[in-house]
Structure formats: structure tokens, C-alpha cells
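Dear colleague,

Please find the structure below for your review. My notes on its nonpolar cores and charged pairs follow.

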Amino acid sequence: MNVPETMSAWVQRAYGEVDAVSHRQVPTPRPGAGEVLLRVGAAAINNGDVRIMRGEPWLVRLAFGIRRPKQPVRGIAVAGTVVAAGPDVTAFAVGDEVVGELGGGGLADYAVATADRLVPRPEAVSVVDAASLPVAAVTASLALDAAGAPLIDDAPPPEGGADSREGRGVRRVLVIGASGGVGSFAVKLAAARGAEVWALCGERNRAVVEEWGASRSFDYRRVQPGSAQLGGDFDAVLDIAGTASLSALRALVRDGGVVVLVSGEGGRLLGPIPRILAAAVRSIGARRPLRPLAAGAHPEIIGQMLELVADGTLRPHIERTVSADGADRALAHVAAGHAVGKTVVVATRPS
């Protein structure tokens, strides 16, 4: 395939809000050893993109650039077409449709990806749905694994009832921050794995969260961890919002239950690090441990999520799609903190 010398990309030269990102023509990158060049079909916006855009907490700048991002183009979750391959790439060829997590660069016409972080995109999965899975669906799946929820193949059939779930580890799950990107997948996957799902979200999102599979939902402004409405008998709590106290979270689970810390807030310097360290100390020998979730690329889980979408078990909730020339609007929407499900930037409007 012919690859142009320059391309359109959303570039930031300094940390900040969306106004630090601008639409420019830049040189098209070239793949190195073990890398491929993708023509981007779609890129989903994740909270990680917003954190790097802002450079907050400041601790992230040690990895991503002290004064400005080393990778000036946001976009880590991408579906696209291989248009060129660097040395030592044998798994993919030009023309292959793939999905994966990048180190950034997805909000552009072309992006370089490490080949071993990619998986093939099945024909049955649209490019928009596929782009929504890296990061968000993977994080949700990892959180449920950390909580001890069975894989979908091991989960009881929906008609089995509560008795058929006995001994399977996780029967009741509370998802805090249930309406965002990770939360939407957490609710859907937990329900698919046979759990009874309760959810905390905004009042306006309760109906859609219940459509995703939550049996009960609550407005987080009125019901907080520690409220009597929630009780304290969950097998697992997935804390995606990251604002509740560790004591309140632990009080929600039974002995033997688990709190999984998917996210966390904190100061501008260290962010959630003090909270994670406190959780680790409190969990030593505890009957209700607090388990911080480690981030990372997991192409094998992306492959599993693609299979679930292809067979109809999992349906991503795409709140909105935005054309590539409006990617700044997509970033602004997610940065505002009110996204429901996923926001995806597409190279062309999906049919």
C-alpha cells in the first residue's frame, strides 16, 4: 500500500487541557523492528489519554515526559489496517485488520504499533466496537479475575438461579463508577459471568446501567459506600470511581470477599500511589483484602473480548462516534467526566 509522507494528526506540544491539542500535518511515522504501521480505522478515548494529556498526577511525567509528552499524539486503543511492517514481523502482513493497545499515536491517520500487542479483528466485529475493547474491556475483565469471578465458560447459565452459583466464588458484585468506559464493561461482563450486579452511577444513567445487566442501581450522590442501602455482604467490590475511603469499601464485603481498586484519585503530585500503598498495608493477613489492579497490555484478553463480541455475548456501549477531524471534541467529552460507555473517533463515519 502507498503510504504518504505526511499525515493529519492531533498533536500536543505541552501538558494541559484540550486546548493544548491541535490538528496538524506531521511526518508519517515508520515502523521499526518488531513494529507495524497501521492506517487507523478507529481509536477509542480512555481516561488514560486524558491523564497523559494533562500530565497528572505529575508522577506520570517521569514515564511520559517531564515538560511535554514524548509521544505528542494521544490515542492508545486502536483498530486499523496493517499498511507496512518493520523487520522481524512475521505474525501480520499488509492488509491485515488488527486491534490493540498502543503507547499512543492513535488520533492520527497512521500509527505505529508493536506487533506482539496486536490481535486480528474478526469480520463479525466492527472497527468501532473493536477499538472500544483495548484498555476498557481488558481492565474490566482483569478486575473480575482479581475478584475471583469465574470465566464466562465456567459461569452458571442465566436460568440457574442463585443456588447454582454456590461455590463459584463471586455471586454478588458491586460496581462503583458503573456508567463509564470500564464500568460499562464491568457490569456487562459480571452479569455474563453469572453474578448479581449492583451499581453506583449518576441518576441519569441508572436505567441504561440496568439495561446492561445490573439488578439494582443507585445514584452515587445519595448512596455512598457505607450507606445502609448497600449493606455489607458483597463477594466483590470493583471500585472504578476511586474516591471512597478504604474503610468504607472494606465494610461492603463479607469475610473472604475482595475489593478491587481499579482506579484512584489523589494529589497532583503522586495521584493514587499513597492510597495503593495504604491498601497493600491494610491487606496483610486481612480476611477482606484490598487489591490494586496493575495496568498493562494484554493482547490475549483483547482476543477473548473480540470473541465475546463476535458471538453476541458482549455488546460494547458506544455512546458516540466522532469523525477524525473532531477528535478534540471526543477528548473534551471524556475529560469532562460524564461519558456513558465509550467514545470512539473514527476515520470515516461507520455505516
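This is a predicted model: local features need pLDDT of at least 70, side-chain atom pairs count only at pLDDT 80 or more; totals for chains, interfaces and linings use all residues.

Residues are numbered from 1 along each chain as its sequence is written, and side-chain values use heavy atoms, with hydrogens and water left out.

Salt bridges

The structure contains 12 salt bridges (a side-chain nitrogen of Lys or Arg within 4 Å of a carboxyl oxygen of Asp or Glu). One of them pairs Glu97 with Arg121, with 3.1 Å between the closest N and O atoms. Glu97 belongs to strand S5 (residues 97-101) and Arg121 to the loop between strand S7 (118-120) and helix H3 (127-131), so the bridge ties together parts 24 residues apart in sequence. Helices (H or I, at least four residues) and strands (E, at least two) are DSSP runs, numbered from the N terminus. Arg121 counts as buried, at 19% relative accessibility.

Asp255 forms a salt bridge with Arg287 (3.3 Å, N to O). This pair links distant parts of the chain, 32 residues apart: Asp255 is in strand S12 (residues 253-261), and Arg287 is in the loop between helix H8 (273-282) and strand S13 (290-292). Asp255 also meets Arg288 in a salt bridge (3.6 Å, N to O). Through shared partners, Asp255, Arg287 and Arg288 form one network. Arg287 is exposed at 60% relative accessibility, Asp255 is partly exposed at 42%, and Arg288 is partly exposed at 26%.

Nonpolar cores

A nonpolar core is taken as a set of buried Ala, Val, Leu, Ile, Met, Phe, Trp, Tyr and Cys residues joined through side-chain atoms within 4.5 Å. The largest has 56 residues, of which Val175, Val209 and Leu238 touch the most other members. Helix H4 (residues 133-147) supplies the largest share of this core, 10 residues. A separate core of 39 residues includes Val73, Val78, Leu102 and Val334.

Beyond its neighbours within four places in sequence, Val175 has contacts (heavy atoms within 4.5 Å) with residues including Gly183, Val197, Trp198, Leu238 and Ile240.

Key. Buried means under 20% relative accessible area, exposed over 50%, partly exposed in between (1.4 Å probe, protein chains only).
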